[in-house]
Amino acid sequence: MYYKFSDFTQKLTGSAPLAAYSPQGLRLGVPAESPAMIFATPTKLVSEAQATVEYLGANKVPDFQRLFQASDSIPVHLKRGLPDRLLYRTTMALTLGGALYCLVALYITAQPRNK
Amino acid sequence: MAHQAHAYHMVDPSPWPLTGAISALLMTSGLATWFVYKTTTLLFLGTTLLLLTMFQWWRLIIRESTFQGHHTTPVQKGLRYGMVLFITSEVFFFIGFFWAFYHSSLAPAIELGGLWPPTGITPLDPFEVPLLNTAVPLASGVTVTWAHHSIMEGARKPALQSLTLTVLLGLYFTALQAMEYYEAPFTLADGVYGCTFFVATGFHGLHVIIGTTFSMVCLLPHTHYHFTSNHHFGFDAAAWYWHFVAVVWLFLYISIYWWGS
């Protein structure tokens with residue numbers, strides 16, 4: 001009897017041998033590594049092929065990955081430093097100020113109109 | 001990184017759900033104060049806060065996924081289920097408006113003249129601008145599929161071009177609808193015809209604007225190399241939503257514009 005883990009029911013269910021659960025990465029005839037991620041490569045002419053081709057700026061994702069994975073227990077939304085803090089503080093100020101203003105405005109609108 | 005014995009994403013606390021909730025409060029009470037006192041301060045404040053929340057929350061998701069790698073396969077599966085359930089709920093939202101339309105139009109009341117369109121209403125010709133407005137979402141469905149295949153093949157330039165085309169077509173549709181709204185010979189206040197027409201097409205138009213914005217927001221990560229050929233869920237979600245919006249238009253066109261004229 002072969003089994004697989006059904007994501008939908010979150011239980012073990014019977015299955016065909018080919019669809020059966022096999023330990024992560026252990027598949028017959030398939031290499032253990034996950035397929036290499038293909039970051040987009042620009043289409044290029046044969047005449048202008050170079051060692052590295054840039055299109056609309058270089059790929060900065062690895063740098064960001066290093067920055068955001070630094071273990072310095074700063075929350076993710078503040079991890080970039082000053083610009084994050086400024087934006088967060090502005091948003092929070094608007095949130096709290098706005099909530100107070102809203103409550104005041106609702107209190108005023110709830111007053112009966114004098115005839 | 002986090003030392004966890006499972007592949008799921010235990011999200012760290014962030015302030016954006018709170019700011020989003022407050023922005024909803026400000027927008028709704030802002031609408032009320034605008035209707036009563038004609039002041040737009042609260043409404044403007046609420047909209048600004050909403051935009052700030054959206055920007056920072058989605059930036060956070062990009063940081064958690066692309067930069068920190070939290071979106072493993074089980075997490076992505078959960079996100080997919082979530083998006084599907086959300087779109088399903090939107091389908092039911094529109095079913096309500098179609099129900100209202102068919103309820104009023106299949107057995108027109110005597111007050112309307114016993115016929116549909118009601119007496120005195122000149123409906124829009126379905127073979128003029130509305131037909132163009134049908135070709136546009138169909139074309140944008142093609143361009144978004146083209147964009148998807150380009151991303152999956154790692155072809156950066158075609159992906160960029162087709163995604164931009166999709167956004168342009170979405171904007172074109174909105175512009176055409178806005179013009180139609182302006183030129184229409186009937187208004188929201190024109191009985192049940194005007195009501196069902198404008199509420200159904202109006203909410204659809206709002207969803208077009210949301211879908212166009214979603215696709216526009218996908219352009220930015222794409223130019224910064226965030227999408228890989230087999231992991232680009234943000235784009236998938238945008239594409240699903242866009243197809244849903246196009247299908248709703250097809251139903252709208254056939255029911256309200258064509259059959260209802």
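Me: What makes the nonpolar surface patch, and how big is its area?

Reply: Val104(A), Tyr107(A), Ile108(A), Leu31(B), Trp34(B), Phe35(B), Val36(B) and Tyr37(B) make a patch of about 830 Å². To join a patch, a residue needs over 30% relative accessible area and no salt bridge; nonpolar side chains (Val, Leu, Ile, Met, Phe, Trp, Tyr) are joined within 5 Å, and like charges within 9 Å. Areas like this come from the Shrake-Rupley method with a 1.4 Å probe, and for residues only the protein chains shown count as cover. Keep in mind that this is a predicted model: local features need pLDDT of at least 70, side-chain atom pairs count only at pLDDT 80 or more, and totals for chains, interfaces and linings use all residues. Residues are numbered from 1 along each chain as its sequence is written, chains are lettered from A and ligands numbered from 1 in the order in which they are written, and side-chain values use heavy atoms, with hydrogens and water left out.

Me: Which helix gives the largest share of the nonpolar patch?

Reply: That's H1(B), with five residues. Helices here are DSSP runs (H or I, at least four residues), as are strands (E, at least two), numbered from the N terminus.

Me: Why is Trp34(B) called partly exposed?

Reply: Trp34(B) sits in helix H1 of chain B. Buried means under 20% relative accessible area, exposed means over 50%, and partly exposed is in between (1.4 Å probe, protein chains only). Trp34(B) has 38%, so it's partly exposed.

Me: And why does Arg63(B) count as buried?

Reply: Arg63(B) belongs to helix H2 of chain B, residues 41-67. Its relative accessibility is 3%, so Arg63(B) lands in the buried class.

Me: What is Arg63(B) in contact with, leaving aside its neighbours within four places in sequence?

Reply: Contact just means heavy atoms within 4.5 Å. By that rule, the partners of Arg63(B) beyond those neighbours include Phe68(A), His77(A), Asp84(A) and Gln68(B).

Me: What makes the link between the side chains of Arg63(B) and Asp84(A) a polar contact?

Reply: A polar contact is a pair of N or O atoms within 3.5 Å; within protein, one must be able to donate a hydrogen and the other to accept it, and residues adjacent in sequence count only if both atoms are side-chain atoms. The two side chains come to 2.8 Å, and the pair makes a polar contact.

Me: How do you know that Asp84(A) forms a salt bridge with Arg59(B)?

Reply: The rule asks for a side-chain nitrogen of Lys or Arg within 4 Å of a carboxyl oxygen of Asp or Glu. For Asp84(A) and Arg59(B), the closest N and O atoms are 3.1 Å apart, and the pair forms a salt bridge. The count between chain A and chain B is two.

Me: How many residues are in contact between chain A and chain B, and what area is buried?

Reply: 41 residues of chain A touch 45 of chain B. About 3,900 Å² is buried between them, and carbon and sulfur atoms give 69% of that. Buried area is the accessible area (1.4 Å probe) that two parts lose on being put together, summed over both.

Me: Why is Asp7(A) partly exposed, and where does it lie?

Reply: Asp7(A) lies in the loop between strand E1 (2-6) and strand E2 (11-15) of chain A. With 33% relative accessibility, Asp7(A) counts as partly exposed. Leaving aside neighbours within four places in sequence, Asp7(A) is in contact with Lys77(B) and Tyr81(B).
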